[in-house]
Amino acid sequence: MSQRLSRRRLLGAGAGAGAAGLLGLTGCSSVLPAPDTSAPGFGENATGTVRVWCRAATQEGLTALVEGFNASQDRLTVELTPVLDGQYVTKLATAIRGRQVPDVVDIDDINSMLFIYRDAFVDLTDLIAALPFAEALSPGHLALATREGRTYGVPYLADNSLLWFNLDLCEAAGVDPDTAVSGFDQLLEAARALRALGPDTWAWSFPGNSSGALGFVVQPMVWAADRDFIAGEVGAQRGDIADNPAVRAMLELYRTIWTEELAPSACFSDDASRWGSDFRGGTVGMFPSNYSVCVTSAEDPAFPERITSRLLPGPDGGGAFFDGGDNMCIPRGAANPSGAWEFIRYALDLPQQFDLPAGGYTPVRSDVADDRFRETYPLATVPLDNLDAGYAPTTLAYNLIYNQPDGPWLKMFRRAVFDGDLEGALAEGQQGWDAILSQAQV
């Protein structure tokens, strides 16, 4: 079955959910019962109705998934309810307080911990361990659903950031993608060679005024150095900004890209509303983004044949990508948890995972990448071949820090890159991260 997912461009749609969602979750500690997932027959031959909430951004794909599941048997009927991304956290918190929860929530993986921290989801650890393909599941997604060694959600689909290359421009400039990603010095050397092709050719492009999209494509260049912007475990986290050499090096890299005019001036105000149009138009040589923007959004069907991707590099090489996408979780108090697990298990089966790239997403099972998959979706294999390089920060404050337009992430980036005040940006960033994290973990 082909799953045609609606294209999602990370424009910070969840920004408003941060503050409102956290406020809504206060007092949302679990008073709802948890099912006995070890009971004989749990997740098998269930009957009745399974109510599923999905994000509006992925509604189209979930609709196809539900239709396929309902057609595959006549015991269970799945009913799908889409929820606007910006309202998802608040609406789910309200449903938990009102003791009227759905059976499955398909949630932005970065928001999983908001509910896990307050014991609102069912512990799925043993069910996941029993899956014959458990070792093939995306560890980055699972980490976002894990607390104190127990896991409360499973990945469904992935949205990964990578560094994309225009092969025609690279050939003309003598740029080898593998050499370019061996460190920031090599990246700049490649960028200068690409820019030298002519006044209408750019080395790089980035959404400099879109907090969410920018965080999606820039953070992995710090993670590739085995550092993060946040230190500590959830509940006792602090910012790791001012004395973080990887953060400093990343900001210096982007400052050089900007001052040497290796990226178009439109990056200053780019809010990601036309994200990737310059790359797809053939005027940009290197472009950090996702599969949807670079491949499924291509107007020219031959364009994907002229591009390739690599992991986003750190200052001295390495590589990482943002493990975005969706996790599926079962809320405590669900009326049909057994049916819920049966549906989740179906969503993870290879036939359902295989065609996720048709809608701009990546499967969450590395074992899907057989010869047929590689032939059908050759540009979707890099994350699957490097699942351990995927990451996203586990925190209660992601939206407040990285998605809000007035959050500390965008302020720090713009002050350092566009204003040239690196020291002031790092100091202000440290204060901003610490202030938000201290409030979010109360």
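User: Why is Glu-148 called exposed in this predicted model?

Analyst: The relative accessible area of Glu-148 is 72%. The term exposed applies over 50%, so Glu-148 is classed as exposed. Glu-148 is found in the loop between strand S4 (146-147) and S5.

User: What makes the approach of the Thr-151 side chain to the side chain of Thr-146 a polar contact?

Analyst: The distance is 2.9 Å. A polar contact is a pair of N or O atoms within 3.5 Å, one able to donate a hydrogen and the other to accept it; the two threonine side chains are accordingly listed as making such a contact.

User: Why is strand S6 said to pair with strand S12?

Analyst: Pairing requires at least two bridges between the strands. S6 (residues 154-166) and S12 (residues 317-329) are joined by 6 bridges and run antiparallel, so they count as paired. The bridge partner of Asn-160 in S12 is Asp-323.

User: Which other strands are joined to S6, and by how many bridges?

Analyst: 5 bridges join S6 to S9 (residues 286-290), and 4 join S6 to S10 (residues 307-310); both pairings are antiparallel. In S9, Ser-289 is the bridge partner of Leu-162, and Met-286 stands opposite Phe-165. In S10, Arg-310 stands opposite Leu-163.

User: What makes S6 and S9 mostly covered?

Analyst: In S6, 13 of its 13 residues are buried. In S9, 5 of its 5 residues are buried. Side chains in a regular strand alternate between the two faces of the sheet. In S9, Met-286, Pro-288 and Asn-290 point one way, while Phe-287 and Ser-289 point the other way, and all are buried.

User: Why is the pair of Phe-279 and Phe-287 called stacked, whereas that of Phe-229 and Trp-409 is called edge-to-face?

Analyst: By the ring-pair rule the count comes to 30 aromatic pairs. Phe-229 lies in the loop between helix H11 (220-223) and strand S7 (230-231) and Trp-409 in helix H20 (residues 408-417), so the pair ties together parts 180 residues apart in sequence. Both Phe-229 and Trp-409 are buried. For Phe-279 and Phe-287, the values are 5.2 Å centre to centre and 25° between the planes; under 30 degrees counts as stacked, so the pair is given that name. Both Phe-279 and Phe-287 are buried.

User: How do you know that the span of helix H21 is close to the expected one?

Analyst: H21 (residues 422-440) has 19 residues and reaches 27 Å from its first C-alpha to its last, close to the 27 Å expected at 1.5 Å a residue. At the start of H21, a side-chain oxygen of Asp-421 reaches to within 3.0 Å of the backbone nitrogen of Gly-424. The buried residues of H21 include Leu-422, Trp-433 and Ile-436.

Notes
Residues are numbered from 1 along each chain as its sequence is written. This is a predicted model: local features need pLDDT of at least 70, side-chain atom pairs count only at pLDDT 80 or more; totals for chains, interfaces and linings use all residues. Side-chain values use heavy atoms; hydrogens and water are left out. Buried means under 20% relative accessible area, exposed over 50%, partly exposed in between (1.4 Å probe, protein chains only). Helices (H or I, at least four residues) and strands (E, at least two) are DSSP runs, numbered from the N terminus. The expected span of a helix is 1.5 Å times one less than its number of residues. Rings of Phe, Tyr and Trp (its six-membered ring) pair if their centres lie within 6.5 Å; planes under 30 degrees apart count as stacked, over 60 as edge-to-face and the rest as tilted.
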